[in-house]
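Please look through the sequence and the structure below, then read on.

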Amino acid sequence: NTLVGQGIKFALDDYGTGFSNAVSLIEYPYNTIKIDKSVVWAAMDNENAKKVLRHSISMLKSLEMNIVAEGVETLEQANELEEMGCDFFQGFYYSKPISADAFIAFMQKQVN
């Protein structure tokens, strides 16, 4: 909690898989949760997975977490995830992975 007191924020990556689970939310002071793309993709094709995702997002919002959805590939996915309560989106719909230099060049274009 010393780091949190100094304004440092923590994010949990790949929520919904492996060790990124509810126990982690209880034990560590996360500010942002990144929902794994496998969870996002499953929710787009499976009603049970969609219910799990919707309720997970609701739970995370009640814990005052920022939520990033990984693996967003279409506008329809982005719209549905936004309706569920996701705050941020990451995926090929927005950009394929790029180098640090390409990212800096992209950001410089945005500012100018």
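Is alanine 69 buried or exposed? Alanine 69 is buried, because its relative accessible area is 0%, where buried means under 20% relative accessible area, exposed over 50% and partly exposed in between, with a 1.4 Å probe and protein chains only. The model is predicted, so local features need pLDDT of at least 70 and side-chain atom pairs count only at pLDDT 80 or more, while totals for chains, interfaces and linings use all residues. Residues are numbered from 1 along each chain as its sequence is written, and side-chain values use heavy atoms, with hydrogens and water left out.

**The chain as a whole**

- The chain has 6 helices and 4 strands; these are DSSP runs numbered from the N terminus, with helices (H or I) of at least four residues and strands (E) of at least two.
- The C-alpha trace spans about 40 × 40 × 25 Å along its principal axes.
- Of the 112 residues in the chain, 29% are buried.
- Taking contacts between residues at least 6 apart in sequence, 41% join residues at least 24 apart; contact means heavy atoms within 4.5 Å.

- The 4 strands form an open sheet in the order 1-2-3-4, and the pairing is parallel; two strands pair if DSSP finds at least two bridges between them.
- Strand 1 (10-15) and strand 4 (88-89) are at the edges with a single partner strand each, so one side of each has no neighbour in the sheet.
- Strands of a sheet pair through backbone hydrogen bonds, either parallel or antiparallel.
- Strand 2 (residues 30-35) pairs with strand 3 in the parallel sense over 4 bridges, and isoleucine 33 has isoleucine 67 in strand 3 as its bridge partner.
- Strand 3 (residues 66-69) is joined to strand 4 by 2 bridges, and the two run parallel.
- Across from valine 68 is phenylalanine 88 in strand 4, and across from alanine 69 is phenylalanine 89 in strand 4.

- Alanine 69 belongs to strand 3.
- Leaving aside residues up to four places away in sequence, alanine 69 touches Ile35, Val40, Leu81, Cys86, Phe88, Phe89 and Gln90.
- Alanine 69 and alanine 11 are 58 residues apart along the chain, and their C-alpha atoms are separated by 13 Å.
- Glutamate 70 lies in the loop between strand 3 and helix 5 (75-84).
- Glutamate 70 counts as buried because its relative accessibility is 7%.
- With residues up to four places away in sequence again left out, glutamate 70 touches Asp13, Asp14, Lys34, Ile35, Asp36, Lys37, Val40 and Gln90.

**Helix 3 against helix 4**

- The axes of helix 3 (residues 37-45) and helix 4 (residues 47-62) come within 6 Å and cross at roughly 130°; axes are lines fitted to C-alpha atoms, for helices over the stretch in contact, and angles run from 0 to 180 degrees between N-to-C directions.
- Helix 3 is therefore oblique to helix 4; angles under 35 degrees count as roughly parallel, over 145 as roughly antiparallel, 65 to 115 as roughly perpendicular and the rest as oblique.
- Val39, Val40, Ala42, Ala43 and Asp45 of helix 3 make the contact with Glu47, Ala49, Lys50 and Leu53 of helix 4.
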